[in-house]
Amino acid sequence: MTVAVSSGKNARIAIISGASSGIGRQFAIDLDGDVRLDEIWLCARREERLQELAASLRKPARVLAGDITDKKWRDRLLLEIKDSECQIHTLINSAGFGKFEAFCDLDCNERMVEVNCQALTALTSLCLPYMQNGGRIINMASVAGFMPQYKAAVYAASKAYVISFSRALHQELKERDITVTAVCPNPMKTEFFEANGIEIDANPIKKIGIEDVEKVAAKALKRSDKGKDMSVCNLPAKILRVISRILPHRLVLWFERKSGF
Ligand SMILES: NC(=O)c1ccc[n+]([C@@H]2O[C@H](COP(=O)([O-])OP(=O)(O)OC[C@H]3O[C@@H](n4cnc5c(N)ncnc54)[C@H](OP(=O)(O)O)[C@@H]3O)[C@@H](O)[C@H]2O)c1
């Protein structure tokens, strides 16, 4: 369903997927103060959440509730973009989820690829023809994308896809001066882990790396403004990135399996 508010022709807009919670919601709050934008479009399935968020923003906000993997929903979004004759300045692909079990114990492996990779790619290609030069795309990846992860085979691979896709696209869009930034945080306290019944605080090693949602979003926007293709926020995440370049991935996977980490 769409709830329309219009800033008129040529409005500069931000489209945020996954805006109903977590870092997607935080991006909406941060972008509310961005003078380059006239309107914010909020996307996710939970419409009430989006309505509440829209009502709390100062800028006009449009609620486009639906499943990002649903082609019909994406067609409606496209129609909305065409009808409003807007220019997309910012696209934030934050919709995503992860499940952390052995591959054979999960029944959502394909769904993870569908949401985290396929829909993200589809939304990007849908928006790109309507993006203004000098605009930006911010894609939520993860430190999990730096290397394969034991008992997170599909999630880690889906985030490796997001990193690889974002960095290549960043180069391809240089001529249009569109920055594409892959954001790679460590665990953040959002509904992401709640949905898994995982208390990240309970794991002493993972606890060290926990990131603050507000800081991750602020840094991602800053890195994007600087024209960077990656945003890695806290020190443990940066260390992980270095480790992923130095240590053989087979060794890291062996350690994860043996230690149950
Ligand atoms: N939290 C972490 O520790 C962490 C760390 C690294 C990377 N990330 C990544 O950051 C992104 C955001 O995660 P988060 O922590 O903010 O989690 P979150 O609070 O669970 O938010 C996920 C968002 O995605 C939306 N979403 C999920 N499936 C959807 C679908 N099929 N169609 C439309 N919207 C959908 C959800 O909205 P509805 O349920 O209302 O549809 C929600 O707004 C994800 O891509 C995640 O992989 C998270």
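This is a predicted model: local features need pLDDT of at least 70, side-chain atom pairs count only at pLDDT 80 or more; totals for chains, interfaces and linings use all residues.
The protein chain has 10 helices and eight strands; helices (H or I, at least four residues) and strands (E, at least two) are DSSP runs, numbered from the N terminus. Residues are numbered from 1 along each chain as its sequence is written, and side-chain values use heavy atoms, with hydrogens and water left out.

I start with the overall dimensions. A compact globule of 261 residues would have a radius of gyration near 18 Å, and the protein chain agrees, with 18 Å. That radius is taken over C-alpha atoms, and the globule rule is 2.2 Å times the number of residues to the power 0.38. Along the principal axes, the C-alpha atoms fill a box of roughly 60 × 35 × 30 Å. The accessible surface of the protein chain is about 12900 Å², and carbon and sulfur atoms account for 53% of that. These areas come from the Shrake-Rupley method with a 1.4 Å probe; for residues, only the protein chains shown count as cover.

Of the 261 residues, 50% count as buried. Buried means under 20% relative accessible area, exposed means over 50%, and partly exposed is in between (1.4 Å probe, protein chains only). Among contacts between residues at least 6 apart in sequence, 71% join residues at least 24 apart, where a contact means heavy atoms within 4.5 Å.

Now the interior. In soluble globular proteins, nonpolar side chains tend to be buried together. The largest nonpolar core here has 38 residues, and those with the most contacts inside it are Ile15, Trp41, Leu77, Ile81 and Ile137. A nonpolar core is a set of buried Ala, Val, Leu, Ile, Met, Phe, Trp, Tyr and Cys residues joined through side-chain atoms within 4.5 Å. Which elements supply at least two residues each of this core? They are β2 (12-17), β3, α3 (71-84), β5 (87-93), α4 (109-127), β6 (131-140), α5 (153-172) and β7 (179-183). Helix α4 gives the most, with six residues. Apart from this core lies another, of 29 residues, among them Ala44, Leu53, Ala217 and Ala220.

Trp41 deserves a look on the screen. Leaving aside neighbours within four places in sequence, Trp41 is in contact with residues including Ile13, Ile15, Leu64, Leu77 and Ile81. The list of its partners also has Arg62, Glu80 and Ser84 among them.

Next, helix α2, residues 47-56, where Leu50, Leu53 and Ala54 are buried. These three cover an arc of only 100° around the axis, so they sit on the same side of α2; the arc is that of the directions from the helix axis to the C-beta atoms. An α-helix has 3.6 residues a turn, so residues three or four places apart point the same way. The buried residues of α2 pack against α1 (22-31), β3 (39-44) and β4 (61-65). On the face turned away from the buried side are the exposed residues Glu48, Glu52 and Ala55.

Two loop residues have backbone angles to note. Asn10, in the loop between β1 (2-3) and β2, has phi near 60°, a positive value in a residue other than glycine. Asn10 is partly exposed, with 49% relative accessible area. Glu85 lies in the loop between α3 and β5 and has a positive phi of about 50°, although it is not a glycine. Glu85 is partly exposed at 41%.

Ser244, in helix α9 (residues 235-246), is buried at 11% relative accessibility. Not counting residues up to four places away in sequence, Ser244 touches Phe146, Met147 and His249. Leu79, in helix α3, counts as exposed at 52%. Arg257, in helix α10 (residues 249-259), is partly exposed at 45%.
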